Every structure is written in C-alpha cells, then in structure tokens.
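Subject: Structure handover

Hello,

The structure is passed on below. My notes on it follow.

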Amino acid sequence: MVASVFRNMGASRAGQWIRIALTPARTLSLAFLTLGGFAAGVFFWGGFNTALEATNTEKFCVSCHEMKTNVFEELKGTIHFTNRSGVRATCPDCHVPHEWTNKIARKMQASNEVWGHIFGSIDTREKFLTLRRHLAEREWDRMKANDSLECRNCHSAESMDLTKQNPRAAQAHERFLFTGEKTCIDCHKGIAHKLPDMSGVSGWQ
C-alpha cells in the first residue's frame, strides 16, 4: 500500500510538471518570446551550419582511412590536384553540390557512407577494389542525374573557347555537350580517380 501511495505521488508530480510545461506563460511578453525564439533560431542555425561546413572539407573527407589511402592517393596524381594554374579541386568540390537544397540532399545520402565506415565495408584495399566498380557506377549515376552539376560549378560551357582545345575535344564538346546529348560525366569518368574494369560500360571500349 505504501508503494502504491508513492507511485501515485510520483505520477501526480510528473503530471504537474507536464501541465506547467504546456501552460502558456502569463508573465512573459510577446516581444520577449519573439526575441527569445529568434535568438534560439540564430544559435541553432549557426551551430548547424558550422557543423555542416566542418563536414564539407577535404580534411574531413580524408579523415577516414578508406578515402585517404584509396581515392585521395589517386587524386594526387591528376590535374585536378596539381596544375600550372595552381587551382585545386578538393573532394567536396566534385562530390557535394554548392546549392543549399542539393547539398542537404547529398549529405543525407552520405549517411550510407558513414554506415559503411562503421561496419567496415571497404576497410581494406582488397574490399575497396572488389567494390570499386559498384561505387564508381553509383557516383556516375548520381552525376548523370544532376547533369554533372559539380563539374559545371567550375567548368562553364558558355565560357569554353573551342579554338584553344584540341580538334577532337572541340568536336566532341560541340556535338555532345553544347547540344545536351551528353553531360560531362559521360566522357570524363576517369578524370580524378582510376577507372575500374570498364567492360560493358556504354560508350567505352
């Protein structure tokens, strides 16, 4: 019986706290609540955006050994990493859209990559090589679907000077890129990383 009394008291006290939490304030002004909500929103947004940008750096990307020892090492040997102009494309430049909505969607997709890191999907070189084709195709499909958006953040068809390109490249750009028949990733799949076995890939021999 004593235990029952204490249980009832506990339930009553919990009920009181819930009622207090849900009861509108009688002494706080509307202005105070508005300013408080605004300040809380700014604080939350600042923290969220800071965390988002912290995960959008090359340093963060290569903090996982799967990336650092595999694809990042490959990137170092390409023109996107070292070139005469000194302009470097980092991991997020090519794999994360710049626009807010697309960036958030990409970050949500990246949760699969975090899952793979936790459970060791490609924690060895052998596992990575086994899944390389699958991983590459998934990224090619993503870039094909968004019309090579990340490429176009730096490379604009409007600012291309075909007279400064070799004849083969100029002809391909004029025939396929300018007409919209193809997008960047259709022809430039191996621009930053080594290609997997390309047998059966459309357009490759």
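D186 and K144 form a salt bridge (a side-chain nitrogen of Lys or Arg within 4 Å of a carboxyl oxygen of Asp or Glu), with the closest N and O atoms 2.9 Å apart. The pair links distant parts of the chain, 42 residues apart: D186 lies in helix α11 (residues 184-187) and K144 in helix α8 (residues 125-145). D186 is buried at 17% relative accessible area, while K144 is partly exposed at 43%. Buried means under 20% relative accessible area, exposed over 50%, and partly exposed in between (1.4 Å probe, protein chains only).

This is a predicted model, in which local features need pLDDT of at least 70 and side-chain atom pairs count only at pLDDT 80 or more, while totals for chains, interfaces and linings use all residues. Residues are numbered from 1 along each chain as its sequence is written, and side-chain values use heavy atoms, with hydrogens and water left out.

The structure holds 10 salt bridges. Another is R106 with E113, at 3.1 Å between the closest N and O atoms; R106 is buried at 9% and E113 partly exposed at 40%. Shared partners join E139, R142 and E150 into one network of salt bridges.

Overall, the protein chain has 11 helices and zero strands (DSSP runs numbered from the N terminus: helices are H or I, at least four residues, strands E, at least two). Of its 205 residues, 24% count as buried.

Regards
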